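Colleague: I would like to go through this model with you. Shall we start with the fold and then turn to the side chains?

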Amino acid sequence: MAEVTNIINPTADDIAAWKTKHGDIFAVTIDSKTAYLKKPSRKSIGFSMSAKDPIKAKEILLKDMWVGGDVAMLEEDSYFLGLAGKVDELIEIKEAEVVKL
């Protein structure tokens with residue numbers, strides 16, 4: 001999993017570099033604190049599903065998704081829970097069609 005960086009005020013160059021490396025980047029803000037997240041990898045989604053504790057599962061995903069921001073979003077419970085509540089919105093699932101042949 002990625003190292004958690006505490007880039008609180010990323011520059012336009014930081015964000016452009018993140019987009020080049022990770023694709024879409026999302027900013028999630030609670031009060032005056034912001035987390036910058038990428039979409040989770042399939043590996044981290046799978047690993048998080050093996051966690052028996054749903055809070056631990058969200059923590060696994062958020063640590064994988066993290067590209068920068070105020071680490072208080074991961075460390076302080078009230079911010080963490082608010083951020084964890086947004087994880088599912090950032091997991092893109094395409095609609096599949098099944099056709100009997």
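**Fold and aromatic pair**

Modeller: The model is predicted. Its protein chain has five helices and three strands.

Colleague: What share of the contacts with a separation of 6 or more comes from residues 24 or more positions apart?

Modeller: The chain has 101 residues, and 35% of them count as buried. For contacts at a separation of 6 or more, the share from residues 24 or more positions apart is 61%.

Colleague: How far apart do the centres of the positive and negative side chains lie?

Modeller: The chain carries 14 positive and 17 negative side chains. The centres of these two sets are separated by 7 Å.

Colleague: How many aromatic pairs does the structure hold, and why is the pair of Trp 18 and Tyr 36 classed as it is?

Modeller: The structure holds one aromatic pair. The ring centres of Trp 18 and Tyr 36 lie 5.5 Å apart. Planes under 30 degrees apart would count as stacked and over 60 as edge-to-face. The planes here are at 40°, so the pair is tilted.

Colleague: Which parts does the pair tie together?

Modeller: Both Trp 18 and Tyr 36 are buried. They are 18 residues apart in sequence. Trp 18 lies in residues 12-22 and Tyr 36 in residues 33-38, so the parts tied together are helix H1 and strand E2.

Technical notes:
Residues are numbered from 1 along each chain as its sequence is written. This is a predicted model: local features need pLDDT of at least 70, side-chain atom pairs count only at pLDDT 80 or more; totals for chains, interfaces and linings use all residues. Side-chain values use heavy atoms; hydrogens and water are left out. Helices (H or I, at least four residues) and strands (E, at least two) are DSSP runs, numbered from the N terminus. Buried means under 20% relative accessible area, exposed over 50%, partly exposed in between (1.4 Å probe, protein chains only). Contact means heavy atoms within 4.5 Å. Lys and Arg count as positive and Asp and Glu as negative; His and the chain ends are not counted. The place of a charge is taken as NZ of Lys, CZ of Arg, CG of Asp or CD of Glu. Rings of Phe, Tyr and Trp (its six-membered ring) pair if their centres lie within 6.5 Å; planes under 30 degrees apart count as stacked, over 60 as edge-to-face and the rest as tilted.
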